[in-house]
Protein chains: 2
Amino acid sequence: MNRPRPSIWRRFSSTSSSTIVVKPGPSKARHHAPISNDSFPHGYSLTGVHCGVKKKPSVLDLAVILSTSPNPTSAAACFTRNAFKAAPVLVSKDVLEKTSGRARAIVTNSGCANAVTGKQGLEDAWAMVKATDALLPKKLKSQDTNDTLVMSTGVIGQNLPISKILSGISSLVPTSLGSDFAAWERAAKAFMTTDTFPKIRARTFTLGGQTFRMAGMDKGAGMIHPDMGPPSDFGQLHATLLGCILTDAAVSPKALQSALTYAVDRSFNSISVDGDMSTNDTIIVLANGAAAGETKEMDERDPLFPTFRDELTSFAAELAQLVVRDGEGATKFVTVSVEGAPTFDDAHRIASSISTSALVKTALYGEDANWGRILAATGSVSLSTPIDPYRVNVTFVPADGSTPLPVLVRGEPESVDEVRAKEILSEEEFEVKVDLGLGSESAQYWTCDFSYEYVRINGDYRS
Amino acid sequence: MNRPRPSIWRRFSSTSSSTIVVKPGPSKARHHAPISNDSFPHGYSLTGVHCGVKKKPSVLDLAVILSTSPNPTSAAACFTRNAFKAAPVLVSKDVLEKTSGRARAIVTNSGCANAVTGKQGLEDAWAMVKATDALLPKKLKSQDTNDTLVMSTGVIGQNLPISKILSGISSLVPTSLGSDFAAWERAAKAFMTTDTFPKIRARTFTLGGQTFRMAGMDKGAGMIHPDMGPPSDFGQLHATLLGCILTDAAVSPKALQSALTYAVDRSFNSISVDGDMSTNDTIIVLANGAAAGETKEMDERDPLFPTFRDELTSFAAELAQLVVRDGEGATKFVTVSVEGAPTFDDAHRIASSISTSALVKTALYGEDANWGRILAATGSVSLSTPIDPYRVNVTFVPADGSTPLPVLVRGEPESVDEVRAKEILSEEEFEVKVDLGLGSESAQYWTCDFSYEYVRINGDYRS
């Protein structure tokens with residue numbers, strides 16, 4: 001990071017040059033606001049501290065989350081499918097397998113991804129797990145297995161400064177643990193890399209008349225195009241999306257993994273900042289049954305299970321969207337909806353193709369209603385049932401609820417009102433809707449635009 | 001194109017702004033130079049004219065190529081797999097099917113893609129075919145079928161100014177046809193859209209002791225990530241890569257299609273400017289047997305066929321690389337070689353993933369030896385045989401033949417000499433080599449970097 005500024009501004013021999021004046025994008029600060037302490041799930045204790053992975057003195061870089069519920073805590077996770085899985089991904093998967101989905105602690109560091117770090121990397125990740133295990137009261141500890149899942153994010157190919165991290169866990173964390181908004185904020189700040197604001201959300205929900213709570217945090221910014229599967233579907237990846245969701249509902253490990261896998265496909269696996277999949281992407285969910293009176297764990301056959309799964313899905317989507325809003329260089333937040341598809345997978349692949357198209361994303365930045373590029377990105381996906389161009393509709397939908405603007409109707413270009421198009425596209429937020437007219441399945445993706453600032457950030461960052 | 005400049009420079013309300021000074025990229029002019037008239041294949045007559053699709057008076061926008069060989073002319077083509085295939089793609093496919101691979105003319109316009117233009121678009125494309133058929137001497141014409149293949153490139157969703165095109169074909173083309181370099185140059189200029197130079201190459205080659213000639217032209221610039229198949233594998237697409245290759249060898253239609261399909265997978269289907277696949281991508285090859293004494297057409301069982309196929313492949317790669325060199329905003333020409341893969345398809349998919357990664361491409365622009373991003377892009381592809389991270393090598397290879405720089409050896413990061421890395425990456429041309437250590441297959445891709453200029457061009461172009 002201390003290397004000299006790359007010479008992209010001065011490497012050419014030509015005599016003439018051009019100047020681009022880039023005004024800063026809209027402020028993202030409004031996406032972070034205090035949350036009432038009552039909204040956070042019971043039975044969790046957490047914090048974020050500065051242990052020294054990051055050089056700047058006051059910047060938080062280590063977070064620990066503990067479930068202190070007397071009831072069993074279930075844990076589930078989805079990990080990156082990248083072939084180059086970082087050490088913390090391999091270790092967390094191992095812990096979850098050995099405990100059959102029981103874990104009650106999460107330790108996370110930012111500043112160093114512990115990826116492509118070989119045997120030393122694995123030893124360091126295990127050391128983080130064991131040091132965090134030791135923070136749990138004796139009566140809550142497992143006998144023969146570990147209780148902690150581990151996540152890392154930051155620079156690839158460097159070893160962790162492990163002694164700083166271990167002394168942070170044992171000496172700084174215990175004295176600063178808490179359960180209020182301030183504690184959540186410390187933890188969420190310790191997740192951040194190129195993020196511009198900490199990402200925290202919380203909500204209450206009811207199941208069978210009883211109230212439960214769910215809260216979560218995540219981080220993103222660049223290398224964001226996750227494709228995460230459950231531990232059983234373990235491939236290989238390098239991660240920059242990290243997130244966790246904590247609830248005080250009581251859910252069996254198997255039901256929790258099933259709900260998370262479903263939710264992740266419709267949330268974190270449906271966002272794109274730059275189309276690049278990381279080696280460390282990890283989403284963890286804990287369910288500790290700490291809500292008053294809760295002892296029996298819900299399983300997949302429970303009639304309330306679909307309600308829980310849908311609640312988790314919509315909450316995960318809310319957290320995932322925060323990552324897009326804070327995407328590197330992003331000035332737009334765009335929902336891409338694909339409807340009328342033969343299958344969810346077809347709709348999802350087309351939404352992904354549109355959301356990652358460099359031509360679509362630069363047009364969004366230029367506020368250009370360029371449906372031709374949207375169509376080209378749609379048509380580049382091959383489906384089981386071929387697309388019939390004469391059934392396809394494309395519509396721009398403003399976020400303020402005013403009249404949508406059709407630009408392509410049954411394959412025929414509309415005579416577009418350019419003033420109205422400009423009005424919709426000049427907003428920070430809107431929706432692009434593509435109806436294939438082939439079936440009844442749909443999927444959504446959330447994406448951002450591609451700006452000069454993205455090029456600047458990534459032409460000069462050693463990840 | 002006459003719409004006001006988008007407001008990307010002025011839409012934000014914040015008070016502070018930043019300035020990016022972009023010096024122009026290296027001049028591309030050197031990639032176009034005169035070619036000796038002797039190098040062009042015999043028996044072809046061609047030209048480019050201004051008929052009025054483009055508004056500027058002197059800009060060429062209509063090309064016609066005729067095979068005047070007394071021997072039969074074979075034709076083969078690969079078309080985009082995009083679902084939204086433009087009218088000229090549908091019509092050319094129809095002509096080739098009806099003639100079983102016989103055609104002796106090509107008509108091409110730039111300025112309007114004739115894509116998403118419904119029934120009128122098909123009528124217009126057929127009218128171009130018939131008007132060009134009429135230019136052939138009576139004795140060379142087919143009895144019941146057409147002789148012309150058609151290509152278009154430019155803006156999507158607008159109808160062709162067909163009367164201008166038809167009068168261009170019938171009145172301007174006949175008086176300007178020629179066979180020398182100047183005629184080739186006129187035709188290649190009429191192909192151009194955002195290209196900065198006309199793209200023509202020619203070579204001679206020998207088969208069984210006899211000399212033949214091969215020449216070709218193409219155009220690209222943006223929306224370049226072709227995936228083209230033979231007519232039998234016809235999907236749906238919108239094209240911005242157009243090219244044709246003419247030879248005076250005698251090759252049967254079936255052998256010609258087989259050689260072209262093989263060549264396109266290793267050339268035009270192995271380039272990426274921005275990862276976006278067009279609706280009009282088309283590559284056509286004609287073989288007219290006009291070389292002295294040539295009458296018998298080569299078939300696939302001919303022992304010389306592999307030599308011809310490899311010659312066509314290396315020539316197609318040369319033409320394809322010109323498109324990358326002239327990619328929108330490109331300042332670098334980078335060869336991505338993937339070796340040690342289980343299959344060609346595995347190697348090709350990984351090379352594609354690296355070549356389209358926004359993070360890799362911005363790092364190339366920033367001249368940053370960021371092997372972490374290369375690894376993440378490699379690992380995001382799922383293979384039949386899983387990647388073993390501890391067998392992977394990544395090397396930067398300078399174009400000047402000096403010592404390559406290993407950055408990852410058997411999965412372990414090397415201590416990289418940053419000065420040497422900078423030296424290699426500051427050149428306009430170099431190679432990124434990834435060895436998977438899993439097998440013996442390999443594939444190459446050619447890509448460019450992602451620059452401010454790309455964002456500027458595409459934030460302000462209505463395609």
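## The loop residue A:Thr117

In this predicted model, A:Thr117 counts as buried, at 9% relative accessibility. The residue belongs to the loop that connects strand E5 (105-112) with helix H2 (118-133) of chain A. Setting aside residues up to four places away in sequence, A:Thr117 touches A:Ala87, A:Gly157, A:Gln158 and A:Asn159.

An unreviewed UniProt entry assigns the feature "binding site" to A:Thr193, A:Lys219, A:Thr240, A:Glu328, A:Asn458 and A:Ser463.

A:Lys219 is part of strand E8 (residues 210-219) of chain A. Its relative accessible area is 0%, so the residue is classed as buried. Beyond neighbours within four places in sequence, A:Lys219 is in contact with A:Thr153, A:Phe191, A:Met192, A:Thr193, A:Asp195, A:Lys199, A:Thr240, A:Leu241, A:Leu242 and A:Val323. The side chains of A:Lys219 and A:Thr153 are joined by a polar contact of 3.2 Å.

## Chain A as a whole

Chain A contains eleven helices and 18 strands. Of its 463 residues, 63% are buried. Among contacts in chain A with a separation of 6 or more, 82% are between residues 24 or more positions apart.

The mean pLDDT of chain A is 87, and 89% of its residues reach 70 or more. Over residues 1-15 of chain A, pLDDT stays under 50, and the model has 36 contacts beyond four places in sequence for this stretch. Residues 233-239 of chain A also have pLDDT below 50, with 54 contacts in the model beyond near neighbours in sequence. Where pLDDT is low, the predicted coordinates should not be read in detail.

## A seven-stranded sheet in chain B

Chain B has an open sheet of seven strands with mixed pairing, in the order E11-E18-E13-E17-E14-E15-E16. Its edge strands are E11 (271-272) and E16 (412-413) of chain B, each of which pairs on one side only. Strands of a sheet pair through backbone hydrogen bonds, either parallel or antiparallel.

Strand E14 (residues 393-398) of chain B pairs in the antiparallel sense with strand E15 (residues 405-409) of chain B, over three bridges. E14(B) is also joined to E17(B), by six bridges, and these two strands run antiparallel. B:Thr395 stands opposite B:Pro406 in E15(B) and opposite B:Lys433 in E17(B). E14(B) and E15(B) form a hairpin with six residues between them, and B:Gly401 in the turn has a positive phi of about 85°. E14(B) is mostly covered, with five of its six residues buried.

## Helices against the sheet

Helix H9 (residues 371-379) of chain B packs on the sheet and touches E14, E15, E16 and strand E17 (429-435) of chain B. The direction of H9(B) makes about 125° with that of E14(B). H9(B) is mostly covered: nine of its nine residues are buried. These are B:Trp371, B:Gly372, B:Arg373, B:Ile374, B:Leu375, B:Ala376, B:Ala377, B:Thr378 and B:Gly379.

Helix H10 (residues 418-425) of chain B lies across E14, E15 and E17 of chain B. H10(B) runs at about 60° to E14(B).

## The loop residue B:Pro342

B:Pro342 occupies the loop between strand E13 (333-341) and helix H7 (344-356) of chain B. With 25% relative accessibility, B:Pro342 counts as partly exposed.

Not counting residues up to four places away in sequence, B:Pro342 touches B:Thr385, B:Leu438, B:Gly439 and B:Glu441. The C-alpha atoms of B:Pro342 and B:Leu436 are 8.8 Å apart in space, and the two residues are 94 residues apart in sequence.

Technical notes: Residues are numbered from 1 along each chain as its sequence is written. Chains are lettered from A and ligands numbered from 1 in the order in which they are written. This is a predicted model: local features need pLDDT of at least 70, side-chain atom pairs count only at pLDDT 80 or more; totals for chains, interfaces and linings use all residues. Side-chain values use heavy atoms; hydrogens and water are left out. pLDDT is the predictor's confidence in each residue, from 0 to 100. Contact means heavy atoms within 4.5 Å. UniProt positions are given in the numbering used here, feature names are shortened, and annotations may be inferred rather than shown by experiment. Helices (H or I, at least four residues) and strands (E, at least two) are DSSP runs, numbered from the N terminus. Buried means under 20% relative accessible area, exposed over 50%, partly exposed in between (1.4 Å probe, protein chains only). A polar contact is a pair of N or O atoms within 3.5 Å; within protein, one must be able to donate a hydrogen and the other to accept it, and residues adjacent in sequence count only if both atoms are side-chain atoms. Two strands pair if DSSP finds at least two bridges between them. Axes are lines fitted to C-alpha atoms, for helices over the stretch in contact, and angles run from 0 to 180 degrees between N-to-C directions.
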